Amino acid sequence: MLEIGLRIFLAAVLVASAGAAAAQSPPAAPTPIPMPPPAVGKNGGAPAAAKAGASPPQQAATGTQSSGASPQSPAVPVPVPAKELFGAVKTPTKLAARAIGGYAKGCLAGARSIAIDGPAWQVMRLSRNRNWGHPDLVKAVERLATNAQKLDGWPGLLVGDISQPRGGPMLTGHASHQIGLDADIWLTPMPPRRLSPKEREDLAATSMVAEDRISVDGKAWTPGHVALVKRAASDPDIERVLVHPAIKKALCDASQKDPQRAWLGKVRPYWGHEYHMHLRLRCPASSPGCTPQPPVGGEDGCGKEVADWLKLVSRPPAPPVKPEPPKPPMTLAQLPPDCRLVLAGAPVPARPLVRGRKAPHDTAAHADQKK
Ligand SMILES: [Zn+2]
């Protein structure tokens with residue numbers, strides 16, 4: 001038993017996200033770790049709920065599992081990684097909607113699912129069961145899809161990961177997306193037909209980035225993409241849109257004569273994000289326990305900032321000689337206390353977060369290892 005418990009723990013450690021890096025800062029910050037380019041979305045990574053159902057109720061309630069007892073040693077509770085607990089739950093809580101904690105350290109009560117087929121969108125990778133979000137975010141995605149189609153002629157959105165039914169850390173893929181306020185929107189236009197469930201698993205996303213890593217691929221990137229990202233970043237509820245630095249540069253180049261610059265400032269360059277843009281909603285006023293990120297500055301980010309990022313992505317730093325040991329996975333005890341209630345489906349009182357620090361600037365980590 002001890003060996004099995006240890007093995008589960010070690011496996012979880014190995015799978016732990018490497019993306020604890022800053023989501024926003026220019027590359028002067030030493031924290032960003034170059035992510036490997038996402039696999040070409042062939043299969044979209046391991047199914048989200050591969051281990052679903054692995055945690056018996058007792059684990060969910062206590063957040064621990066026994067390491068096993070032997071005549072020599074008493075049982076020592078080993079914290080179950082929170083991603084196993086949240087990854088095993090298939091349904092949302094039937095409670096008032098509330099984003100609890102930070103984008104990369106929290107959970108979600110009262111999630112709503114976005115319809116897998118809408119008039120202007122289709123949800124991808126259905127097996128992951130990650131089409132759950134705070135109702136404000138779901139509305140923002142629906143609004144973007146509808147307006148982009150109606151006003152910009154965009155064919156429609158392919159919607160990637162949002163959050164799990166109760167948010168929280170995920171078994172695969174993301175560091176953020178934990179409080180139902182993050183959504184990945186593919187940059188591949190929606191085909192003019194309903195995709196089958198199998199196609200939604202198998203269809204590969206299209207990279208917008210050229211081989212040089214510092215410019216967009218003219219065969220994939222179009223003026224329609226500029227209009228789409230601008231529309232997303234112009235939504236007052238959307239606080240940030242994360243894209244690959246080469247995409248940010250293309251947006252800057254295409255918008256040189258655009259008198260509106262505020263939306264450009266909300267488009268933040270970051271590792272990955274060459275297949276999709278990542279929408280991040282501001283904390284809803286009705287979620288007092290949501291830990292906000294500082295608002296973006298007033299700059300458009302088209303000068304030194306994007307130039308520095310391009311230097312960085314064209315020559316990623318060499319890996320350290322001796323890699324640091326992976327961080328242990330987040331446990332339930334490290335999440336805001338109300339996340340225990342969310343996991344148990346118990347009512348969450350409406351109160352501001354008492355424990356937990358405000359996220360320092362640019363630290364709501366985001367890592368999409370696979371599209
Ligand atoms: Zn994302």
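The face of helix α9 turned away from its buried side carries two exposed residues, Lys 304 and Lys 311. Here a residue counts as buried if 20 or more other C-beta atoms lie within 10 Å of its own, as exposed if there are 12 or fewer, and as partly exposed in between, with C-beta atoms placed from the backbone. Helices (H or I, at least four residues) and strands (E, at least two) are DSSP runs, numbered from the N terminus. You are looking at a predicted model, in which local features need pLDDT of at least 70, side-chain atom pairs count only at pLDDT 80 or more, and totals for chains, interfaces and linings use all residues. Residues are numbered from 1 along each chain as its sequence is written.

Now turn to the other side of α9. Its buried residues are Glu 305, Val 306, Trp 309, Leu 310, Leu 312 and Val 313. They cover an arc of only 160° around the axis, so they sit on the same side of α9; the arc is that of the directions from the helix axis to the C-beta atoms. What do the buried residues of α9 pack against? Their partners are α7 and β12 (267-269).

Let us follow the first of these partners. Two packed helices are described by the angle between their axes and the distance between the axes. For α7 (residues 245-254) and α9 (residues 304-314), the angle is about 145° and the axes are 9 Å apart. Axes are lines fitted to C-alpha atoms, for helices over the stretch in contact, and angles run from 0 to 180 degrees between N-to-C directions. The crossing of α7 and α9 is left-handed, a word used if the near helix is turned anticlockwise from the far one by less than a right angle, with right-handed used if clockwise. On the α7 side, the contact is made by Pro 245, Lys 248, Lys 249 and Cys 252, and on the α9 side by Val 306, Trp 309, Leu 310 and Val 313. Two residues are in contact if their C-beta atoms, placed from the backbone, lie within 7 Å. The residues of this contact divide into 6 nonpolar, no polar and 2 charged. In this sorting, Ala, Val, Leu, Ile, Met, Phe, Trp, Tyr, Cys and Pro count as nonpolar, Asp, Glu, Lys and Arg as charged, and the others, Gly among them, as polar.

Helix α7 is itself mostly covered, with 8 of its 10 residues buried. Among the buried ones are Ala 246, Ile 247, Ala 250 and Leu 251. The cover over the buried residues of α7 includes α6 (223-233), β11 (238-243), α8 (262-266), β12 and α9.

Next comes a strand. Because 5 of the 5 residues of β4 (residues 105-109) are buried, this strand is largely enclosed by the rest of the structure. Both of its faces are covered: Lys 105, Cys 107 and Ala 109 are buried on one side, and Gly 106 and Leu 108 on the other. Strand β3 (residues 98-102) runs antiparallel to β4 and is joined to it by 5 bridges; two strands pair if DSSP finds at least two bridges between them. Arg 98 stands opposite Ala 109 in β4. Together β3 and β4 form a hairpin, with 2 residues between them.

Met 124 lies in the loop between β7 (121-123) and β8 (132-133). Is Met 124 buried or exposed? With 29 other C-beta atoms within 10 Å, Met 124 is buried. Leaving aside neighbours within four places in sequence, Met 124 is in contact with Leu 158, Val 159, Gly 160, Trp 186 and Arg 200. Arg 200 is 76 residues away from Met 124 in sequence, yet 4.8 Å away in space, C-alpha to C-alpha.

Most residues other than glycine have a negative phi. His 177, however, has a positive phi near 65°. His 177 is found in the loop between β9 (157-159) and β10 (182-186) and counts as buried, with 30 C-beta neighbours inside 10 Å. His 273 has a positive phi as well, near 55°. His 273 lies in the loop between β12 and β13 (276-281) and is buried, with 27 other C-beta atoms within 10 Å.

Finally, step back to the whole protein. Its secondary structure comes to 10 helices and 13 strands, and 49% of its 371 residues are buried.
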